[in-house]
Amino acid sequence: MRFLFIFVSLWLSVQSCCGDQLTNVLPTFEAYVQKTLAEWQAPGVAVVIVKDGQIVYEKGFGVREVGQPEVVDAYTVFPIASLSKNFLVTVIGQLVDEGILDWDTPVKTYLPDFRLSDPDITNQFTLRDLLSHRSGLKGFSGDTFWNLGFSAEEIRQGLAQLPFEKAFRQDYGYQNHLFGIASQLVEKVTGQPIATLFQTRLFNPLSLSHSSVGPVEQPKKGLWATITGWFQKKPKPNLALPHHVIGTKVTAMPISPQMYLFNGSTGVNTCAHDLGLWMAFHLNDGQVNGKALVSLAQQKQMRTSHIQVTNLRPDDIQFPSIRMSQIHYGMGWFLGYYGEGSIKTPFLNHMGGFSGVRSLMTLIPDQKLGIVILSNFGSMRVSMLTEALRNKFLDLYLNLSDKDWSKENLQKMEEIRTKNKQYKNAYRLQNPRTHHDLKVYVGKYTNPVYGLFEIQQDKQGLTLIYRNRRVPLKHWNGDEFEFKGYDLTPIYSEYDQGYIEFGVQGQQAILSAINLMNEGKSEIFERVKTK
């Protein structure tokens, strides 16, 4: 029987010591935040905690931009990436309440041009399927298109070419762009952009006055910007810039426009204070000032398991088995239990991560407790400090055994990177090979999904040219060359190492493959034949 995970409105009574419990754990938690920032070399975080319908703690730590004096506070705006999905599903719940949408109506009823690679699955695919990560596609399908700067339409076309690797509605695979398609569906049905829908249906009623959707004003750089700022006496926007590791240095970067490609999936900007109000709203059964913005029936739909997350390793950093169990996904929420031994409590959770930012929201409904942590450092491949801080807070609050999550998460990530490097180095040492004459690789290559790239040669060696970016190549071994992922796209960091390998026949490379372009029915780029 399929596991059913529904959070009911009959909350457990809160013991009178809960307020004292928060007071007791906060000094230890604050010290741990400072320790964690130093260990990860992260610029800043913002934290908000909600208890019994009220914001009981909100504070910023560190700075908005490395090397600059402006500090993070509870009103510092962060791009929150996939935490936006929770807003989207809530609006869809409202539209279902109003009879405008239905969870189980096929997507093609609303978007006739919707298409995936399997026609039968396409015809069966519902709004519920778009929102529950059970499509049967490989996890994070289409994200390489997103990272490389594809347009929304190009991503949709690419998704339509991707093969199904799992069973439809039976296997979990996290997706960003199916939520993007859901947001397009909502915009078409309502005739309004996501930004307007979020503003009028959620931000205004909940007084989320520091929240927005889409590109935001970013601090201007350079000497002229500094001089004009002096004369205009205009303060910098209270905005946390994303940060990645480039070389060995934590480096600030502009917010990528790709963040706002599908606003319903990843396009919300907000602050810790506003997310505190957002958590209080959800912990209060979707009500504000005694009025329900979305019915309890639709909230139960969001909080009911639609697929179990069964492919987790025991040492998974996002969902460590030592604390988290029975992980499922509803719609806009991960569901599970947090604790150890006889102390296990149900939670609602969602994370967000993209180029240079990471965010995490966790609710403990039976305690009417919630915590959000916003970070302007790294994505999932760079930083998991938000998970470390969330785990530490819950351990302290629930009186669980002591564990240094920051140290452990950092060590795990460093071990993964080290093992990958050691594997590549060992292979090269065992199979050292020289490259062909470089002119053998020069030419144009094409792939059905990714399109065309060109290899050129100059005095410095080979350069890969793709979508107006020039990427220097360095020989690795044999017909394989390496490059920095961030040379291909600024969305990548120091830890995204790129490799391109050529297949040579005679005196000419006839095909190639790039590890950062690995989706589609074929990963092969074939040489374009010249006349």
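Q: What makes strand E11 (residues 324-329) mostly covered?
A: Five of its six residues are buried. Buried means under 20% relative accessible area, with exposed over 50% and partly exposed in between (1.4 Å probe, protein chains only). Strands here are DSSP runs of at least two residues, and helices are H or I runs of at least four, numbered from the N terminus.

The model is predicted: local features need pLDDT of at least 70, side-chain atom pairs count only at pLDDT 80 or more, and totals for chains, interfaces and linings use all residues. Residues are numbered from 1 along each chain, and side-chain values use heavy atoms, without hydrogens and water.

Q: How do you know that E11 and strand E12 (residues 334-340) pair?
A: Two strands pair if DSSP finds at least two bridges between them. E11 and E12 have four bridges, in the antiparallel sense. His328 stands opposite Leu335 in E12.

Q: What joins E10 to E11?
A: Two bridges join these antiparallel strands. Ile307 has Tyr329 in E11 as its bridge partner.

Q: Why are strand E2 (54-62) and strand E10 (307-308) called edge strands?
A: The open sheet has eight strands in the order E2-E1-E15-E14-E13-E12-E11-E10. E2 and E10 each pair on one side only.

Q: Why is helix H7 called oblique to H8?
A: H7 (residues 152-159) and H8 (residues 177-190) pack at about 120°, with axes 11 Å apart. Angles under 35 degrees count as roughly parallel, over 145 as roughly antiparallel, 65 to 115 as roughly perpendicular and the rest as oblique. Therefore H7 is oblique to H8.

Methods:
Axes fitted to C-alpha atoms, helices over the stretch in contact; angles between N-to-C directions.
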